[in-house]
Amino acid sequence: MDFVFEPYHYWIIAALICFIIEIFTAGFAIFCFSIGALCGALLSWMGAGVIWQVVFFAVGTFISFAFIRPFVLKFIQKKNTDELKTNADALIGKEAMVIEAIDNNANKGRVAIDGDTWKAVSENGEPIALNEKVEVVRRDSIVLYVKLKEIAGQLS
């Protein structure tokens with residue numbers, strides 16, 4: 001018993017190759033061709049001619065690019081990468097403990113946050129005492145700008 005490749009087998013192989021290539025690429029573009037190849041395979045399996053198979057391949061690919069790809073990209077990619085804070089930027093808004101009194105005029109001050117110590121500067125220029133809880137407002141390189149942590153509307 002010899003196995004003979006039918007035209008729809010070639011379409012399915014093309015779809016699988018496109019799917020495998022998509023695994024190693026970004027953007028969900030090659031997968032659209034895979035969907036088009038499956039449309040061509042379906043028509044081939046139904047016994048349609050080569051021209052109709054190619055037309056359905058093109059239509060399936062176009063429809064997946066126009067309608068399916070934008071829908072999938074919405075869930076794969078973040079709309080705004082600025083919303084995702086990483087590394088030192090993730091410290092902004094967190095609470096820290098003053099481990100060396102902060103005095104901008106004397107160029108002194110350190111805070112502890114997440115197990116690390118950072119050089120700290122008072123955001124408004126006022127000195128901050130040792131062991132105060134502060135909030136990180138922003139950072140500039142390796143220096144954190146902090147303000148006194150507000151508790152229920154009161155300064156601690």
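The legends below describe close-up views of a predicted model of one protein chain.

View 1. The protein chain holds three helices and seven strands, and, read from the N terminus, its elements follow the order α-α-α-β-β-β-β-β-β-β. Of its 156 residues, 26% count as buried.

**View 2. Helix 3, its kink and its buried residues.** Helix 3 covers residues 50–76 and has a kink of about 40° at I68, shortly before the proline P70. The buried residues of this helix are Q53, G60, T61, S64 and L73, and what covers them includes helix 1 (7–23) and helix 2 (30–45).

**View 3. The crossing of helix 2 and helix 3.** Two packed helices are described by the angle between their axes and by the distance between those axes. Here the axes of helix 2 and helix 3 come within 7 Å and cross at roughly 145°, and the crossing is right-handed. On the side of helix 2, the contact is made by C32, F33, I35, G36, A37, C39, G40, L43 and S44, while helix 3 takes part with W52, Q53, F56, F57, G60, T61, S64, F65, I68 and R69.

View 4. T61 lies in helix 3, and it counts as buried because its relative accessibility is 7%, whereas the cut-off for a buried residue is under 20%. Leaving aside residues up to four places away in sequence, T61 touches C32, F33 and G36, residues that belong to the helix 2 side of the contact with helix 3.

**View 5. The largest nonpolar core.** This core has 14 residues, of which I102, V111, I113, W118, V134, L144 and V146 touch the most other members. At least two residues of the core are supplied by each of strand 1 (95–103), strand 2 (108–113), strand 3 (116–122), strand 4 (133–140) and strand 5 (143–148), and strand 1 gives the most, with three residues.

**View 6. The surroundings of I102.** I102 is one of the core residues that touch the most other members. When residues up to four places away in sequence are not counted, I102 touches K108, G109, R110, V111, A120, V121, S122, P127, I128 and V146, and of these V111 and V146 are also named among the core residues with the most contacts to other members.

Conventions. Residues numbered from 1 in each chain as written. Predicted model: local features only at pLDDT ≥ 70, side-chain atom pairs only at ≥ 80, totals over all residues. Heavy atoms only, no water. Bend = angle between axes of the 7 residues up to and from the residue. Helix = DSSP H or I, 4+ residues; strand = E, 2+ residues; numbered from the N terminus. Buried < 20%, exposed > 50% of the residue type's maximum accessible area, 1.4 Å probe, protein only. Contact = heavy atoms within 4.5 Å. Core = buried A, V, L, I, M, F, W, Y, C linked by side-chain atoms within 4.5 Å. Axes fitted to C-alpha atoms, helices over the stretch in contact; angles between N-to-C directions. Left-handed = near helix turned anticlockwise from the far one by under 90°.
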